[in-house]
Amino acid sequence: MAIGSGLGAQLGIAAETTYGTFVAPTKFIEFTKESLVLKKTTAQSAGVAAGRLMPLSSRRVVTRREVSGSIDLEIANKGMGLLLQALMGTSVTPVQQATSTAYLQTHTLASVAGKSLTIQKGVPLTTGTVTDKTFLGCKIISGEFACEVGGMLTGSFEFDGKDCDEGQTLAVAAYSNMAPFHFGQMALKTGAYGTETALDGIRKVSVKIERPQDVERFYANQSALKKEPIENDQVKITGTLETDYVSTALDDLHTSDAATSLVWEFIGPNIASTYAETFRITLPAIRLDEGPPAVDGFGVVKPTFNFTALFDGTNVSKIEYMSTDVTI
């Protein structure tokens, strides 16, 4: 029997082979909050009948069902592969580093066609009984990462899903011995691609990756459920750099509108040999949209630079993840 509050909740995820077809969860993620819910569209018959003062309950129908919501969590040194794959699109197999216990996942930007998840949520009643809500056909619409002074590296993933199934057996949650990435491990580098150097004065970084998709694919013969969303716009990657004004490096890039490569990385404890726990986002070309320094008092000037990532014509944006995970 679980604790009858959020302390007894769980989230399990698995990659689907076929969109919207249940796969028993194989990974269990630690999360800070979630908002996954079934959304239904109803219609009420309103025919006139002599003397009837209210609509008939028997004539209310459900005309469509879908899932929406988000999951917020701390990015940990294990167990993040399925979420990163669903966000970025590349089918990834972790690559063993030499003969060590370190495995590298390289998630390059690609189409997300066929990349959907089953997400099973366990929600405790006050009695301690944990109810099952299994969300099928969950596609990531956006993922945002952020870290600031004194904080953890956090992730927020927005989902669109096909349906909610409450008839599955709730999987027994099992967790790896995980640790979060944090500000003390953070580095930010800019410059020419492949030779980026550390940038001073960075206090907070955020990167948002949006995967626009047509989520309104409701057709006849689908029993009020949607078909798999299809990408319907280019990927949008944006972010912010909150700084102290220690140099004009970013200010000059804003003024000239020149491009620079950006590497945002977290290097954790050593796994084996020369390989360490790593989370790294590489954006080969960013351009600064806003952020000229402004003086608003006696304190240190603290400009915030907003940027947009673009394709440099050769190198693809990617997320690298080094862990002991043999599979994603």
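The largest pocket of this predicted model has a volume of about 300 Å³. A pocket here is an open set of points on a 1 Å grid over the protein atoms alone, where a 1.4 Å probe fits, with protein on both sides within 12 Å along at least five of seven lines; lining residues have an atom within 4 Å of a point. Grid points are joined across faces, edges and corners, and the volume is the space filled by probe spheres set on the points.

The lining of the largest pocket includes Leu109, Lys236, Phe311 and Ser317. By class, this lining has seven nonpolar, four polar and one charged residues; Ala, Val, Leu, Ile, Met, Phe, Trp, Tyr, Cys and Pro count as nonpolar, Asp, Glu, Lys and Arg as charged, and the others, Gly among them, as polar. Strand 17 (236-243) and strand 20 (304-309) each supply at least two of the lining residues. Strands are DSSP runs (E, at least two residues), numbered from the N terminus.

Residues are numbered from 1 along each chain as its sequence is written. Because the model is predicted, local features need pLDDT of at least 70 and side-chain atom pairs count only at pLDDT 80 or more, while totals for chains, interfaces and linings use all residues, and side-chain values use heavy atoms, with hydrogens and water left out.

The count of aromatic pairs comes to six. Rings of Phe, Tyr and Trp (its six-membered ring) pair if their centres lie within 6.5 Å; planes under 30 degrees apart count as stacked, over 60 as edge-to-face and the rest as tilted. Two of these pairs are set out below.

| Pair | Centre distance | Plane angle | Class |
|---|---|---|---|
| Phenylalanine 28 and tyrosine 175 | 6.4 Å | 70 degrees | edge-to-face |
| Phenylalanine 145 and phenylalanine 157 | 5.8 Å | 85 degrees | edge-to-face |

Phenylalanine 28 lies in strand 2 (residues 27-28) and tyrosine 175 in the loop between strand 11 (163-165) and strand 12 (186-191), so their pair ties together parts 147 residues apart in sequence. Phenylalanine 28 is buried, at 10% relative accessible area, whereas tyrosine 175 is partly exposed at 41% (buried means under 20%, exposed over 50%, partly exposed in between, with a 1.4 Å probe and protein chains only).

Phenylalanine 145 belongs to strand 9 (residues 130-148) and phenylalanine 157 to strand 10 (residues 154-161), so this pair joins parts 12 residues apart in sequence. Phenylalanine 145 is buried at 0% relative accessibility, and phenylalanine 157 is buried at 1%. Phe145 and Phe157 belong to one aromatic cluster with Phe181, Trp264, Phe266 and Phe279.

Terms used. Helices (H or I, at least four residues) and strands (E, at least two) are DSSP runs, numbered from the N terminus.
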